[in-house]
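Please look over the sequence and the model below before reading on.

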Amino acid sequence: MALTLYVDTARWRAHHKHVQEQFPGLVPVCKGNGYGFGHERLSEEATRLGSDLLAVGTTYEAARIKDFFGGDLLVLTPYRRGEEPVPLPDRVVRSVSSIDGVYGLVGARVVIEVMSSMKRHGISEQDLPQLHQAIENVRLEGFAIHLPLDRTDGSDAVEEVIGWMDRLRAARLPLHTMFVSHLKADELVRLQQQFPQTRFRARIGTRLWLGDHEATEYRGAVLDVTRVAKGDRFGYRQQKAASDGYLVVVAGGTSHGVGLEAPKALHGVMPRAKGVARAGLATVNRNLSPFVWGGKQRWFAEPPHMQVSILFVPSDAPEPKVGDELVAHLRHTTTQFDRIMDR
């Protein structure tokens, strides 16, 4: 009995090919928990796509993934002097976002990140005159720019990239390759047309692996069902059942990421109102679970346990049976499955 990730493999892979066709030279990203699929599986899929380069989050991820992927690996977290040394093969390319970082990577293959409107990390325009000497002792694989997802000021992503291309060109720095993130396919075409001598490579993770929501589904198996009457006490805290119904023990708990939620940016009155409502219910121990039964998301009977969750299903709903599976609306990047099933 398990929390299972079901994958419609043919549909999932057809989506990968579609994205690859839209973004020639695509660099798949495999970081964190492997977008819910795991590093080994995504490494296999990247190989199937014929990718020569796979982007990973950290040096620690690169050390693990090097055994699954035979091509080059691009570490997205920028190098910092004093970081813990991790033994890595020469096919690993390091990102760097400072002049000092470039000097600290003598002989290494590097991609230099420029500061975008994200304002996360990157070299500044003022750093450019110092780069000529700094890059003499590294193997420069290209420059990179990481763009924001939303542009609430109405600015143009392409124009931001063009601005940096012009600065780099004016500084007489090599422009053979530019790695980009969070551009649309038509925006990439515009850039390639304007700079035909530069190879633009889109680093893509979420859109590639999770872009077709109907291709994957989490399901938790029912392990036990206990009928309760209104007022019956149950669980670790011996709460009272609010009405007649069933306590349903389902595979999937905190060790799987059930009950954990990444913060979300809320836009508009309605999403904010729903957020306030959820917070209000939580103060009286009413928390909606991600599990669906009888066409409705069901409430947690109590906070999820380490490997299972206990749900309350009212008596007017169909009675779950041991072995049934409940669809679970879980975020891939925070979920760890027990098993993955291709179908």
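Is R343 buried or exposed? With a relative accessibility of 54%, R343 counts as exposed, where exposed means over 50% relative accessible area, buried under 20%, and partly exposed in between, with a 1.4 Å probe and protein chains only. This is a predicted model, in which local features need pLDDT of at least 70 and side-chain atom pairs count only at pLDDT 80 or more, while totals for chains, interfaces and linings use all residues. Residues are numbered from 1 along each chain as its sequence is written, and side-chain values use heavy atoms, with hydrogens and water left out.

The side chain of R343 meets that of E217 in a salt bridge, at 3.6 Å from N to O, a salt bridge being a side-chain nitrogen of Lys or Arg within 4 Å of a carboxyl oxygen of Asp or Glu. E217 belongs to strand β10 (residues 216-228) and R343 to the segment after β18 (339-342), so this pair ties together parts that lie 126 residues apart in sequence; helices (H or I, at least four residues) and strands (E, at least two) are DSSP runs, numbered from the N terminus. E217 is partly exposed, its relative accessible area being 23%.

Side chains of opposite charge can pair when their charged atoms come close. The structure holds 22 salt bridges, and one of them joins the side chains of R13 and E45 at 2.9 Å, N to O. This pair links distant parts of the chain, with R13 in helix α1 (residues 9-22) and E45 in helix α2 (residues 39-48), 32 residues apart. R13 counts as partly exposed at 25% relative accessibility, whereas E45 is buried, with a relative accessible area of 2%. R13 and E45 also belong to a network of salt bridges that links them with R41, R48 and D342. Another salt bridge is formed by the side chains of D156 and R190, at 3.2 Å from N to O. Here D156 sits in the loop between β7 (139-146) and α6, and R190 in helix α7 (residues 185-194), so that distant parts of the chain, 34 residues apart, are linked. D156 is partly exposed at 28% relative accessible area, and R190 is partly exposed at 35%.

How is the protein chain divided? The division is into domain 1 (7-208) and domain 2 (214-340), with bounds that come from an automatic or database domain assignment. The centres of domain 1 and domain 2, taken over C-alpha atoms, are separated by 38 Å. Ten residues of domain 1 are in contact with eleven residues of domain 2, contact meaning heavy atoms within 4.5 Å. The size of an interface is often given as the accessible area lost when the parts come together. Between them, domain 1 and domain 2 bury about 860 Å², of which 59% is on carbon and sulfur atoms; this buried area is the accessible area (1.4 Å probe) that two parts lose on being put together, summed over both.

Leaving aside residues up to four places away in sequence, F200 touches P24, V161, M165, M178, V180, L188, L191, Q192 and F195.

Most residues other than glycine have a negative phi, and most peptide bonds are trans. Y35, in the loop between β2 (27-28) and α2, has a positive phi near 55° and counts as buried at 5% relative accessibility. K119 likewise has a positive phi, of about 55°, although it is not a glycine; K119 is found in the loop between β6 (109-114) and α5 (128-134) and is exposed, with a relative accessible area of 66%.
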